[in-house]
Amino acid sequence: MKNPNISKVLKAYRKLNHYSVNDLVIKLEDHNLPVAPKTIYGWESGQTQPDADTLLILCKIYNIDNILGTFGYSNSMNKLFLSEEERNIILQYRNHLEMQEAVKKLLEIK
């Protein structure tokens, strides 16, 4: 049975990471997984779904840590919905290690 969340999440995270379909093709090739752009379009439109191994590689490329929750398999993650802006802030936080201490201080996080 297909999970309709997979196509939506894959497309959203590709865009969130500012990757074009061709960028993703190159990143997948770097992981020894050659795919055609039309395959990615198929995944993102819900016509097909990647196999489990490919999905794990995509999660690695997109920095998705909570795989089950992100794709809607866990009820606990449904309580914590992040907007696209919030996801972008988190990704930028992860990409700027030099600013993390300042952000924590600003937000009063210990």
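Guide: Buried means under 20% relative accessible area, exposed over 50%, and partly exposed in between (1.4 Å probe, protein chains only). This is a predicted model: local features need pLDDT of at least 70, side-chain atom pairs count only at pLDDT 80 or more, and totals for chains, interfaces and linings use all residues. Residues are numbered from 1 along each chain as its sequence is written, and side-chain values use heavy atoms, with hydrogens and water left out.

The structure holds 3 salt bridges (a side-chain nitrogen of Lys or Arg within 4 Å of a carboxyl oxygen of Asp or Glu). Start with Arg14 and Glu44: their closest N and O atoms are 2.6 Å apart. Arg14 sits in helix H1 and Glu44 in helix H3, so this bridge ties together parts 30 residues apart in sequence (helices are DSSP runs of H or I, at least four residues, numbered from the N terminus). Both partners are covered. Arg14 is buried at 8% relative accessible area, and Glu44 is buried at 10%.

Next, Arg94 and Asp65. Here the closest N and O atoms are 3.3 Å apart. Arg94 belongs to helix H7 (residues 84-95) and Asp65 to the loop between H4 and H5, so the pair links parts 29 residues apart in sequence. Arg94 is partly exposed at 37%, while Asp65 is exposed at 64%.

The remaining pair is Glu101 with Lys104, at 3.8 Å between the closest N and O atoms. Both lie in helix H8, 3 residues apart, about one turn of the helix. Glu101 is exposed at 57%; Lys104 is partly exposed at 27%.

H4 spans residues 52-61, and its buried residues are Thr54, Leu55, Leu58, Cys59 and Ile61. Viewed down the axis, they fall within an arc of 160 degrees (taken from the directions from the axis to the C-beta atoms), so they line one face of the helix. Ala52, Asp53 and Lys60 are exposed on the other side. The buried residues pack against H1 (4-16), H2 (21-30), H3 (37-45) and H5 (67-70) (contact: heavy atoms within 4.5 Å). H1 and H3 also hold the two ends of the Arg14 and Glu44 bridge.

Asp51 caps the N-terminal end of H4, with a side-chain oxygen 3.2 Å from the backbone nitrogen of Asp53. Just after H4, Asn63 takes a positive phi of about 60 degrees. Asn63 is touched by Asn17, a buried residue at 15% in the loop between H1 and H2.

Definitions and conventions
A polar contact is a pair of N or O atoms within 3.5 Å; within protein, one must be able to donate a hydrogen and the other to accept it, and residues adjacent in sequence count only if both atoms are side-chain atoms. Lists of a residue's contacts leave out its neighbours within four places in sequence.
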